[in-house]
Amino acid sequence: MTTPNVLDELEWRGLIAHSTDLEALRAALGEGSVKFYVGFDPTAPSLHMGHLVQILTARRLQDAGHRPYALVGGATGTIGDPKESGERIMNSLDTVKEWVERVRGQIEPFLGFEGDNAATMVNNYDWTASMSVIDFLRDIGKHFPVNRMLAREVVRTRLESGISYTEFSYVLLQSMDFLNLFRDHGVTLQFGGSDQWGNLTAGVDLIRRVTGGKAHAIATPLMTKADGTKYGKTEGGALWLDPEMLSPYAFHQFWLNVEDEKVGELLRVFTFLSREEIEELERLTTEEPWKRAGQKALADEVTTLVHGAAETEHAKAAASALFGGGELGDIQASTLAAALRETGGTTVEASAIPPVLDLFVAAGLVKSKGEARRMVSEGGAYLNNVRVEDPDLQPTARDLVAGDWLVLRRGKKNFAGVRAV
């Protein structure tokens, strides 16, 4: 059974930046179950924050009774969509094949693969690998006017610096995906990020030219910070969904530290909280920003969606302990170690751990031993959450926590990890 107002829900959540014919799509979504697809190119070993927008949008549509096709691009992933910054590095077929499986594994937990509107996972390599160049040019290429391809913004941007025919032709491959899913599976809706809008509409147009059929496309907005720059980066790189590439602790901390101005928008896009819950969190963020109620809810909800409730609790407990609100020994060792790695810190030899003042300097919490000595005398220096009273304290291997770490803290908020190796 479908929910007729799912498009209203997507609009309220700010998830529609562009659409082909919104009223026609609204009618189609209200008449019955619509088959839709969203694609993911395995150009890295993990998906990231931008992909999560698409995964959760697919989940919303499926929850409303529509049927998702999740496409992992084993073919298009060997090329990659053109970037404005320059030519992509093409990965080997074996690497892409491995990444296809990793990406599939990240998508699967979010969608239901049983029931009347069960999700289907597809790989465009299946219908691309055996296609001859002649067939591709005759059946697909002839429907793409070069002047329209040249008018695409990313192509115009790259014309002076140079763009290969391979990347120039990417739009044909993605459009062919939509055509194949339309003909073979009855898929009539594709969505993706707004940076994909040219590819999305090209697929709609190809379906019209080849079959005379009608298809739909919608694009979600790109996530930006309050200053207009893109989200999706942490100090260590992209906001990866793979816990080996970005720890659940760092993932939780990212959401916990978003700007007040963006809390409402991010709650709408990245959580399944109700309108009433989100509006109440927005009110609290505006009226009592120091409590950070919106950020806390956002961090808990998104981390639980991606990494599970247990990892969320581990991340919260580690943060509390690192800022002096809990016992370091009670924290899961792997979580604490991951959190400390995020601090930058420093490394020392386990057989020759320096005195505590030297550790504070080496970890970057103070600039000199004199400053470190003053910090101790003023009561602002902590080792493993215990105030340092003796400036000549000599830590030993017995002080190590989480296997091989010392936790230094200056005051209430500044801490660093020292790893003994």
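Glutamine 295 lies in helix H15, which covers residues 293-307. In this predicted model, glutamine 295 is buried, its relative accessible area being 0%. When neighbours within four places in sequence are left aside, the residues in contact with glutamine 295 are Trp255, Leu256, Val258, Glu259, Asp260, Val263 and Thr285.

## The chain as a whole

The protein chain contains 19 helices and 13 strands. Of its 421 residues, 51% are buried. The C-alpha trace spans about 80 × 45 × 40 Å along its principal axes.

The accessible surface of the protein chain amounts to about 19,700 Å², and carbon and sulfur atoms hold 49% of this area. Among contacts with a separation of 6 or more, 72% are between residues 24 or more positions apart.

## The six-stranded sheet

An open sheet is built from six strands, and their order is S1-S6-S5-S2-S3-S4. The pairing within this sheet is mixed. S1 and strand S4 (120-123) stand at the edges with a single partner strand each, so one side of each has no neighbour in the sheet. In general, the strands of a sheet pair through backbone hydrogen bonds, in either a parallel or an antiparallel arrangement.

Which residues cover the two faces of the account of S6 as buried positions? His216, Ile218 and Thr220 are buried on one side, and Ala217 and Ala219 are buried on the other. Five of the five residues of S6 are buried, so the strand is largely enclosed by the rest of the structure.

Strand S5 (residues 189-193) runs parallel to S6, and five bridges join the two. Within this pairing, glycine 192 has alanine 219 of S6 as its bridge partner. Together, S5, H11 and S6 make a right-handed β-α-β unit.

The loop between helix H11 (197-211) and strand S6 (216-220) contains glycine 212. In contrast to the buried residues of S6, glycine 212 is exposed, with a relative accessible area of 60%. Glycine 212 and arginine 398 are 186 residues apart in sequence, and their C-alpha atoms are 75 Å apart in space.

## Helices across the sheet

Helix H3 (residues 49-63) lies across strand S2 (35-40), S3, S5 and S6. Its direction is at about 165° to S2. Helix H10 (residues 170-185) lies across S2, S3, S4, S5 and S6, and runs at about 150° to S2.

## Strand S13 and its partners

Strand S13 (residues 414-420) has five buried residues out of seven, so it is largely enclosed by the rest of the structure. Strand S9 (residues 346-348) runs parallel to S13 and is joined to it by three bridges. In this pair, threonine 347 stands opposite arginine 419 in S13.

S12 also pairs with S13, in the antiparallel sense and over six bridges. The bridge partner of arginine 409 in S13 is phenylalanine 415. S12 and S13 form a hairpin with three residues between the strands, where glycine 411 takes a positive phi near 65°.

## Helix H19

Which residues of helix H19 (residues 369-377) are buried? They are Glu371, Ala372, Met375 and Val376. These residues lie on the same side of H19, because they cover an arc of only 140° around the axis.

The elements that cover the buried residues of H19 include helix H18 (356-362), strand S10 (381-383) and strand S12 (405-410). Just after H19, glycine 379 takes a positive phi of about 80°.

Notes: Residues numbered from 1 in each chain as written. Predicted model: local features only at pLDDT ≥ 70, side-chain atom pairs only at ≥ 80, totals over all residues. Heavy atoms only, no water. Buried < 20%, exposed > 50% of the residue type's maximum accessible area, 1.4 Å probe, protein only. Helix = DSSP H or I, 4+ residues; strand = E, 2+ residues; numbered from the N terminus. Arc of directions from axis to C-beta. Contact = heavy atoms within 4.5 Å. Pairing = 2+ DSSP bridges. Right-handed = clockwise from strand over helix to strand, strands pointing away. Areas by Shrake-Rupley, 256 points an atom, 1.4 Å probe, with all protein chains shown as cover. Axes fitted to C-alpha atoms, helices over the stretch in contact; angles between N-to-C directions.
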